[in-house]
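Biologist: I would like to learn how to read a ligand site and a sheet in a model. Please take them one after the other.

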Amino acid sequence: MKTLAERSRAAVWHPCTQMKRHEARPPLAIASAHGPWLVGTDGRRYVDGISSWWVNLFGHGHPRLAAALKDQLDRLDHVMLAGLTHAPVVELSERLAALTGLGHAFYASDGASATEIALKMSAHCWRNQGRPQKNGFIGLAGGYHGETVGALSVTDVPLFRDAYAPLLRRSAVVPSPDARGAAPGETAADVAHRAARALAAHLEQHHAHTAALILEPRVQCAAGFAVHDAAYLREVRALCDRFEVHLIADEIAVGFGRTGHLFAHQSAGIRPDFICLSKGLTGGLLPLSAVLTTDAVYAAFWDDDSALGFLHSHSYTGNPLACRAALAVLDEFASRDVLADNARLAARVSAALAPLLADERLAQPRHLGMLWAADARTDDPGFAQRFHHAALEQGLLLRPIGATLYWMPPYALDDEAIERLGAGSRAAFDAAWRGRPTAATPAVVVP
Ligand SMILES: *Cc1c(COP(=O)(O)O)cnc(C)c1O
């Protein structure tokens with residue numbers, strides 16, 4: 001009989017994967033998940049060290065989220081949102097408005113679609129205001145905003161982009177404020193200021209044809225957890241105001257507490273013109289994304305003429321189940337001081353990771369909120385794969401980005417999970433560095 005993993009390899013085209021890689025190693029089959037733990041079909045347990053691709057917030061199978069979803073399922077599964085409305089989408093929009101100051105929410109089902117919506121809304125807004133030539137976009141070097149064709153046009157990751165280059169209308173790329181770019185004697189704030197000056201020079205020349213600048217506030221995650229100083233966001237806000245360019249904050253990865261603030265841009269005390277949310281929005285339960293915007297942008301579409309409206313839709317826009325999951329996430333934030341609890345949890349994770357992060361073979365260790373990263377001093381292209389496999393053998397799900405190791409665990413870690421994040425990561429690093437896989441640790445079987 002074929003295993004689940006073998007059947008998957010034959011019938012499922014896995015994301016972000018050269019499928020031939022699975023010839024040697026089939027995908028890992030997961031049977032269940034609880035809290036920070038994933039349980040394989042063979043009974044082995046793994047710490048979900050990357051929150052299942054950055055979506056899970058409070059651990060798997062969270063009782064509050066599960067209960068909300070079950071309750072919603074008995075009331076209203078789904079209705080279309082054009083011409084109809086329902087309590088979960090109204091309440092969610094009101095509560096997101098209260099948390100961000102951006103009072104109009106448009107929904108889709110994934111992050112890339114949120115990027116598309118923000119870009120389209122921005123350019124359409126300028127068009128409605130009689131300035132159709134303002135339709136270009138600016139992104140940061142290394143920026144990641146999703147992989148549909150429009151989102152890819154503002155994504156600066158060659159590996160994802162180059163094969164589709166002829167399909168794309170490329171956007172302008174300005175230097176990243178990545179603090180790792182500091183010259184000797186320079187602070188992170190100096191790097192931020194230098195990057196802002198480059199943006200100013202670009203805007204001087206191109207503002208008349210620029211609709212919006214899109215960026216990931218505080219941490220460019222896909223670029224290898226490039227952290228920048230909050231001063232950059234303040235300078236960018238001022239420049240966008242001066243040159244009449246919308247500022248789109250892509251909070252898809254960094255939102256909902258990952259950086260230690262509810263939303264990362266709030267660390268700079270600024271208000272963007274658009275905020276894109278997804279991933280943690282439903283706590284990792286269901287696909288949902290939202291684009292929040294201002295009264296000013298909303299007003300530019302308000303007219304008797306249909307063509308001036310934002311005629312964009314997805315079939316599942318505002319799905320009640322997904323909105324209800326998002327409301328349960330907000331309830332969890334309201335029920336306790338999640339950010340303060342995370343700060344205490346983060347101190348324990350930092351202590352567990354400290355021996356590895358102090359290792360000479362790692363450069364630029366960094367920590368913000370519930371994110372940790374460091375760069376292995378290697379240019380071996382096989383390192384990331386080796387580390388990933390070695391970590392699995394330690395009972396840890398981790399996927400380095402090139403030479404960058406990172407940890408983005410859920411906000412629910414028991415003692416065993418913290419211990420394993422520390423000791424397991426260290427053992428996996430040693431094994432990956434040596435270039436040989438570790439001997440498999442004894443299988444830990446759940447009762
Ligand atoms: C993951 C991500 C996206 C894309 O979201 P998908 O749901 O994968 O389409 C966009 N922006 C950022 C910053 C992301 O991390």
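This is a predicted model: local features need pLDDT of at least 70, side-chain atom pairs count only at pLDDT 80 or more; totals for chains, interfaces and linings use all residues.

Biologist: Which residues surround the ligand?

Modeller: A residue is near a molecule if one of its heavy atoms lies within 4 Å of it. Here the surrounding residues include Trp54, Asp110, Tyr144, His145, Glu216 and Lys279.

Biologist: Which polar side-chain atom lies 2.7 Å from a nitrogen atom of the ligand?

Modeller: A polar contact is a pair of N or O atoms within 3.5 Å. The side-chain atom belongs to Asp250. Ligand oxygen atoms lie 2.7 Å from a polar backbone atom of Gly111 and 2.8 Å from a backbone N or O atom of Ala112.

Biologist: What is the strand order in the open sheet of 3 strands?

Modeller: Strands are DSSP runs of E, at least two residues long, numbered from the N terminus, and two of them pair if DSSP finds at least two bridges between them. The order is E13-E14-E16, with antiparallel pairing. Strands E13 (362-368) and E16 (404-407) each have a single partner strand, so one side of each has no neighbour in the sheet. E13 and E14 (residues 371-376) pair over 5 bridges; His367 has Trp372 in E14 as its bridge partner.

Technical notes
Residues are numbered from 1 along each chain as its sequence is written. Side-chain values use heavy atoms; hydrogens and water are left out. A polar contact is a pair of N or O atoms within 3.5 Å; within protein, one must be able to donate a hydrogen and the other to accept it, and residues adjacent in sequence count only if both atoms are side-chain atoms. Helices (H or I, at least four residues) and strands (E, at least two) are DSSP runs, numbered from the N terminus.
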